[in-house]
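Here is a short report on how the parts of this model meet. Have the structure open as you read.

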Amino acid sequence: MHTRVALCFPDTYEIGMSNIGLRILYAIANDMPGVWCERVFAPWGDMEEEMRRDGIPLYALESGDPVFMFDIIAFSLGYEMAYTSVLNMLDLAGVPIRASDRTALPPLVVAGGTCAYNPEPMADFIDLFIIGEGEEVNSELITAYAEARDAGLTKEEFLRRAAKIPGIYVPGLYDVKYNEDGTIASIEPREGAPYPVVKRIAEDFERAPYPVKTIIPTTEVVHDRTALELFRGCVRGCRFCQAGFAYRPVRARSPELLAEQAREALAFSGYEELALLSLSTSDYRHLGPLCDALLDYCTPRKVSLSLPSLRADNFSVELMEKVQAVRKTGLTFAPEAGSQRLRDVINKNVTEEDLLNTCRIAFEGGWSAVKLYFMLGLPTETDEDVLAIAELAEKVLQVWKKHAKNKNRGVRITVSTSCFIPKPHTPFQWAAQVPRDEYRRRVELLRGAIKSRAITYNWHDPETSYIEAVLSRGDRRLGAVLERVQKNGGKLEAWEEYFSFDRWMEAFRACGLDPDFYALRERSEDEVFPWNVTSVGVSRAFFRREWEAALGGAVTPDCRVQCTGCGAAALLKGGRRCDE
Amino acid sequence: MSRHRLLFTKTGRAVYISHLDLMRTFQRAFARASLPLRHTEGFNPHPVMNFALPLSVGTASVCELMDFDLLAEPLPEDTEKRLNDALPEGVRVLKAYDSERRFSEIKWVCVSVRLEYDKGLPRDLTARLRALYEREEVLVPKRTKKGTADFNITPHIGALTILSQSDCALIFEARLSAQNPTLSPALLVQAIELYEPDLKPDFAAFTRLELLDGALETFR
């Protein structure tokens, strides 16, 4: 009997098909004997309306079969604003939203992805969470499910068994008690469930599956290209960045293997763009030789090379020439903060000199558009730090005036700011988000300080960031809020046209929860965090040291200069070492 | 520099592939078939591909033409097979060949129009349709670059033949001006809605059948 898996991405096809993780997990599941895995995406509103009117339940793309027929309904949780889409997709599939209303097996509703590092807001809806990378644990879970189904186990019996698989978190097996002030008093596992659940990783990244034969969408998707994954993890330790800690330890692929994967994947797909993915591509040790090998293949075939995650401190002339060998793509850097003081607080370790030097190289090389990303509302930020963003942009403009090859084409410097969101499993997990009005005041301050017409300033509205801040560090009680938002029409809320701040605020009021409690409160040193149920392998003591260093404005060197003993290396077994 | 031509069909689910997406699909198919396309020179090189008459989303065709340039010459003998192995369901290459004839010679396109009526065909449907399309003037708003303008469709309709008729569907073939001006088959249905509203079909589907030159000969 086949085990049918519906791999659901809680956003549109165009977004979901751009996700490399989805492609990897799809291929792994379909490589298992007796398993048929299909894709499911959230329909856009007009399509959903037609489906609901005609009584067409949510269906999988390959077979067209309704999702409620499947054994395992698996969701990828990449960003908090997709939570209501998960509920809406279950509803559209005719599957009860609450886990407690689904008493039988099948279906089993599971979820994984970076948001699962704080699974608690979704705990009421998901039967079990997969913590960490899915390469190995997904197969173990599917096998355990098939055995349990064939043995006629009840859902409860199966979940108790599944909780014994490392990396599986079954929220129903944990009791959460609260203090009078709303903080968590205790989290108690039942029936031998692990606490915390430590994330799983693909330990042998060189041999981890990489699908070279993927589905090629006929319609244009957001990232319509072949993507190579150079390495997982990051040596940098930027204190705001959840991915930088959650994907530790650092594991890289060899340049030989990557070049082979690129050639095969490009030949199979016919794509015209090859993207080198990682959290910080210029930190890949063999980037030069890899680019040379790739360009040998790509240049005669008119395939362009794109490097989406470059740092401003080790960007070289050689690298720039390689990237533009076929086609010039845009140049984007993220200094994150305007002043050196604040960049030290967040441990960005990029100096103004680095950035200006990089811009000089770019302008001399003929680039005439630079995008600079910043966050407003970082811990300890002052008005001087905000104004320093404008000064930095102005200095970039001066560099262009001095070094541009061809001034007739003009220059476009784009400054973008978003509102900082403190994330779980980072040194800033204790921090408060700045209130929305304060963010807006800083936006106006910055707007007034940017004088040149060559500099464009874009800012994100703080409302979405605020809701995201609530959800990212929220607890189980938020389940009622999510359910209410979905019932009132919430879905696809990462899209401006669907996001409704008022709908969220109404739901918080109706459920008797104060969103400020989650977003705007600085947390005490020993507070029991909702996400204590999971571990990314980096110790709380390390995060605390980093938080205190941040408040003191002290930088921590990157992992290559000196190991900081974050704890993640312990996830590697069999003599493997971090960043080798 | 060589110029090659493809004759291909676009049917079934592939009718939902837009023209832009079809260009990308072919671009990738050529790469997958190891048939490198010649690219334009310059700042942003793009492959040389030229479609005779871009097809609207939803319209099927069994007579699409596309010109392309390959880096290597001449055209490999197994071009059709290599491309078909690389193309998605619904897009099929019938023939790859060299042609000197220019797309501007295309004068007519023969289209089959399928009109569906859920409650059965209206009385005298065929006669009334013929009468409508034989009027001196049938004005239909047509989108132009400057907005919409009334467009008289009947001078641009050639022969009209009934292909088949059942309880709920009528299929007829019409010869329509292919370019200068282009008469989209959708305008035939729009004319029904405007002039004979009680004949308005519940659903209409179109398939391009053949391309003709000014002498009414098949254009390849």
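This is a predicted model: local features need pLDDT of at least 70, side-chain atom pairs count only at pLDDT 80 or more; totals for chains, interfaces and linings use all residues.

| Interface | Buried area | Share on carbon and sulfur atoms |
|---|---|---|
| Domain 1 and domain 2 of chain A | about 1,800 Å² | 64% |
| Chain A and chain B | about 1,300 Å² | 47% |
| Domain 1 and domain 2 of chain B | about 900 Å² | 64% |

**Within chain A**

Chain A is divided into domain 1 (3-198) and domain 2 (202-329 + 537-580). Their C-alpha centres lie 28 Å apart. The contact pairs 19 residues of domain 1 of chain A with 23 residues of domain 2 of chain A. Ile20(A), Arg23(A) and Glu133(A) supply 31% of the area that domain 1 buries here, more than any other three residues.

Which residue forms a salt bridge with Glu133(A)? The partner is Arg251(A), with the closest N and O atoms 2.7 Å apart. Across this interface of domain 1 and domain 2 of chain A there are three salt bridges. Nine residue pairs are in polar contact, both residues being at pLDDT 80 or more.

Helix 1 (13-16), helix 2 (20-31) and helix 5 (134-150) of chain A each supply at least two residues of the domain 1 side. Helix 2 gives the most, with six residues. By class, the domain 1 side has ten nonpolar, two polar and seven charged residues.

**Within chain B**

The domain assignment of chain B gives domain 1 (4-100) and domain 2 (105-213). The C-alpha centres of these two domains lie 28 Å apart. Twelve residues of domain 1 of chain B touch nine residues of domain 2 of chain B. Leu53(B), Thr59(B) and Cys63(B) supply 55% of the area that domain 1 buries against domain 2, more than any other three residues.

One salt bridge is counted between these domains of chain B. Arg208(B) forms a salt bridge with Glu64(B), the closest N and O atoms being 2.9 Å apart. The domain 1 side divides into eight nonpolar, three polar and one charged residue.

**Between the chains**

The contact takes 16 residues from chain A and 13 residues from chain B. Two salt bridges cross the interface of chain A and chain B. Glu220(A) forms a salt bridge with Arg24(B), where the closest N and O atoms are 3.2 Å apart. The side of chain A that touches chain B has six nonpolar, four polar and six charged residues.

Definitions and conventions: Residues are numbered from 1 along each chain as its sequence is written. Chains are lettered from A and ligands numbered from 1 in the order in which they are written. Side-chain values use heavy atoms; hydrogens and water are left out. Domain bounds come from an automatic or database domain assignment. Contact means heavy atoms within 4.5 Å. Buried area is the accessible area (1.4 Å probe) that two parts lose on being put together, summed over both. A salt bridge is a side-chain nitrogen of Lys or Arg within 4 Å of a carboxyl oxygen of Asp or Glu. Ala, Val, Leu, Ile, Met, Phe, Trp, Tyr, Cys and Pro count as nonpolar, Asp, Glu, Lys and Arg as charged, and the others, Gly among them, as polar. A polar contact is a pair of N or O atoms within 3.5 Å; within protein, one must be able to donate a hydrogen and the other to accept it, and residues adjacent in sequence count only if both atoms are side-chain atoms. Helices (H or I, at least four residues) and strands (E, at least two) are DSSP runs, numbered from the N terminus.
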